[in-house]
Structures are given as structure tokens and as C-alpha cells.
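Open the model in your viewer and keep the selection tool at hand.

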Amino acid sequence: MYNRILIANRGEIALRVIRACKELGIESVAIFSEADRGSKYLELADEAYCVGNPRSSDSYLRIDQIISAAEIADAEAIHPGYGFLAENSHFNEVCRDSNIDFIGPTPEAMDMLGDKNKARALARKAKVPVVPGSAGLITDEKEGLKVANEIGYPVLVKATAGGGGKGMRVATDDDSLKIALDQAATEAKAAFGNGGVYLEKFVELPRHVEVQILADKHGNVVHLWERDCSTQRRHQKLIEESPAPTLPPNVRKDICEAAVRMIKHANYYNAATVEFIVDKDNNFYFIEVNARIQVEHPVSEMVTGIDLIQQQILVASGEKLPFTQDEIPCNGASIECRINAEDPERNFAPCPGLIEQILPPGGLGVRFDSHVHAGYTVPPYYDSMIGKLIVHQPTREQAIKCMLNALAELRIEGIQTTIDFQRQVLAHPDFVNGKVDTKWVERNM
Ligand code: ADP
């Protein structure tokens, strides 16, 4: 077991990992940029090192600085959190070369799953359904048109290196496909240095359902059930819940088993999420694997009672998973609302600035994962998420009520946030009745 872990991240997830380290009796080493200097959550770590200037390219993405900090601090392992370097296989490899354990999969597994086209091929091999589409990358326009006409419009052009919705274009006919192929490739080349694209059938009104996986280095792979993350805006998740409210039990069983098969085929260990879209007839299709912990992991923790960050650390250090699939319950219902420093009235423009006052909610089954406090200034350089409000109740109906109360209790003064927006979504009959698809927010709110 490790004595010291460095956390290559900031904010809420850095605090989340610090807590897990304390619970395991491991010392934690934080890093910070000049913009985060003085943040109170850093005081909870055993040590903290400045890694550079505010911009993430000058700090949280500086592999050299982070490795130096780990070496100076004598950290045996690095937890990357999510975002920043979490899915950077080069960083993962540098950790390995520096004899520091990367708390995640091997660079090889990460590389394979990070390439969506390769991941699709692996899914086919694992007999996991993929969205109908091209067999591989589309290298010329003619071939693209041929595939699109076979599967039928509308189609989605996707970047094989894509992420965060970048390099994705919908096409409704031959003419728009020609443009979409070109635009998606150019955007992907600029953003990811890889212009490879492939085609998928555009699934109408899909739900986003993903399965949480834990795998150890001894070949044990289990799922921690599914999450529904259909409430999104421009591919950014806003609300996540577990269990998924609309999946029939047999589909739920199939989707969880498919995710486990996928991960077994990838020779993968540590935490992963296998993402699917589900059509209106409850057919599910694999879309991608996220080879890291995700923002929305707490809802799975609430229903299973399993601390995912602790398990990530334990399996990275070589321990066996302490439970079998049959021992993983799914109790009650959990919902998470992302609280962002954004102004919904101004098209969700980021709203950094000073938090003058904050009153967090509380009570049985209410969890607020956040690093902010009164007097904290939200820096303009990073993601605008400032906290995650999570509830856990015996039923979904109760969870929605509990979340509405908790959102009403949570008061943040000084900056605009998405709290009121979240209340409107939670109270909407479509949300209550499980009728939200991935484009619902854009159509209705
Ligand atoms: P990224 O990695 O860029 O986030 P994903 O492949 O995860 O891209 O897709 C992001 C979102 O786009 C999904 O959650 C879903 O809402 C939508 N999406 C992806 N593939 C399809 C598809 N074939 N049809 C319809 N919507 C899709």
C-alpha cells in the first residue's frame, strides 16, 4: 500500500481524492497553479506544490512540473482525477518511466480505448452492440457517401480522437455530409492532432446511459450498475442519476454485462465508464469508454455504498477487489446536479468571481462535494463547475423532492450559478416522468 499520493488536479476532485487518502491513512500531496494559490482545500493535503502560472497549459498540464513535484515529495503514485492529464497516455507512460504508479489503466489500454474507432472494433469483438456505421475510418468522400446511403441519413461524423463533443457533425444528405466530413476532420486535426473520422447512424432522441466499472490487476471485473446522464446541454452533462429511470430490468442486465465484457476484452484495470446511447425502443449501442473516474461517480457510490476513489487507489496498489459482482447492491435512487458558475440567462456564459456567501444544504441523504467557501474567488481559467450536489433516497420520487429542497437550501451569493436552472429541470414533468433525451434541454429550456 502507498504512503503518499500526489493529486494531479485541482478543485472538487482534488479535495475528493484528499478525503479518500485520509480515510485510507495515506498522505496526500496537492499541486496548485498561481490562480489556486491560497485555496483552502489545499490546507487539507499534507503538502502542496506550485506547478506554474494560471493557464492550465502552464500548470495542470505541465507533465515536467508535476513529475518533479511527485519526486520531490516522494509520492509513490499519482491520481489524475478527471480532465487535464487524466486520459493522456503520454503522461501515464512518463509516470511509469519515472517509477510512479499511475492510478488508472496502462498507457496501452488507455491508448486503445481513447481511439474511438479502435474502441468500436473492440466492442464488435466483445459482442457489444455498436451504433450502425462505417467499418473503420473514412478516408475518402466517395466511401463516406456510400456508407451514409447504406445506413441512411441522418448520420453523425465523429472524430476518432474526439472528446467533449468536438469534431462531431450531423449530416442529413449527401451535400451536408461532404461539408461535415471536411469540417469534422479539420476541427479534430486542430484540437487533437488527429483528423481521423468515422460515420455513425444518428440515433434520434437517444438517452445517455453509462455503466461504472471497477477492475483489478488480477483479472476481476465488476460493474457498479448504470447511470443515466441524458440531461445534457451541448454534450455537457448537467444531471446524472442511478439507477436509470426507464430501463426495463432485462435491458439493464444486458447493458451492464455488455460493459463488463468490453472491459474484459481491453485487458483493463482500475475504474472505467462504458458509455452507451439508448434509443426509444431501448436498443443500446456502445459509444465510448472513459478510462478514468468521472464527475458523476458519486451517484454510483451512493447506491452501492462503495467508495470508488478508495477502490481506484487500492487496485492501483495491486490489491484484489474486496467484493464479487453478487455483493454489489443497488439501493434506492441517487441524483447529482452539477453546480456551475455560469449564467443560464446569458447562454450559460462562465461567471467567475468572488463568492460572497455560501449556505450549503444538509440532512440525511444530502452530499455536497465542493471546494468553495465564502470569500473564495472562482478563477476564470478552468472549468466552471464549483460543486456537485448529490442526494440519495429510497425512491426516485423521494430523491427528486429531496434534491429540490436541497437546491432551495443551497444559496450562493456574489456570482451567477446554475442552481435555479437545475430546480426548473427537476420540477419539470418530463424529468419527473423520465422523458428526457440528450437534446431535451436544448429544445425545452
Ligand atoms: P464526446 O467524447 O465528444 O463527448 P461521445 O461519443 O461521448 O462524444 O458523444 C457525446 C454525446 O453525443 C452523447 O452523449 C450523445 O448525446 C451524443 N451522441 C453520440 N453518438 C450519437 C449518435 N450516434 N446518435 C445520436 N447522438 C449521439
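Helices (H or I, at least four residues) and strands (E, at least two) are DSSP runs here, numbered from the N terminus. This is a predicted model, in which local features need pLDDT of at least 70 and side-chain atom pairs count only at pLDDT 80 or more, while totals for chains, interfaces and linings use all residues. Residues are numbered from 1 along each chain as its sequence is written, and side-chain values use heavy atoms, with hydrogens and water left out.

**Stop 1: the largest cavity**

Select strand E10 (221–233) and strand E11 (236–242), each of which supplies at least two residues of the lining of the largest cavity. On a 1 Å grid over the protein atoms alone, a cavity is a set of points where a 1.4 Å probe fits but cannot get out, and lining residues have an atom within 4 Å of a point. E10 gives the largest share of this lining, 3 residues. The lining has 3 nonpolar, 3 polar and 4 charged residues; Ala, Val, Leu, Ile, Met, Phe, Trp, Tyr, Cys and Pro count as nonpolar, Asp, Glu, Lys and Arg as charged, and the others, Gly among them, as polar. The volume of the largest cavity is about 50 Å³, where a volume is the space filled by probe spheres set on grid points joined across faces, edges and corners.

**Stop 2: the second largest pocket**

A pocket is an open set of points with protein on both sides within 12 Å along at least five of seven lines. The second largest pocket holds about 390 Å³ of space. Select Pro344, Glu345, Thr417, Asp420 and Phe421, the closest to its centre of the 22 lining residues. Which element gives the most to this lining? Helix H12 does, with 5 residues. Helix H11 (396–409), strand E22 (411–413), helix H12 (419–427) and helix H14 (440–444) each supply at least two.

**Stop 3: the ligand**

Next, display polar contacts, which are pairs of N or O atoms within 3.5 Å. A ligand oxygen atom is 2.6 Å from an N or O atom in the side chain of glutamate 288. For the side chain of glutamine 232 the corresponding distance is 3.3 Å, and for that of threonine 438 it is 3.5 Å. The protein covers 96% of the 550 Å² of accessible area that the ligand has on its own, by the Shrake-Rupley method with a 1.4 Å probe.

**Stop 4: the backbone**

Most residues other than glycine have a negative phi, and most peptide bonds are trans. Select tyrosine 153 and proline 154, which are joined by a cis peptide bond with omega about -5°. Proline 154 lies in the loop between helix H6 (141–151) and strand E6. Then go to serine 242 and proline 243, where the peptide bond is also cis, with omega near -5°. Proline 243 is in the loop between E11 and helix H8 (249–265). Finish at lysine 127, not a glycine, whose phi is positive at about 55°.

Note on methods. A polar contact is a pair of N or O atoms within 3.5 Å; within protein, one must be able to donate a hydrogen and the other to accept it, and residues adjacent in sequence count only if both atoms are side-chain atoms.
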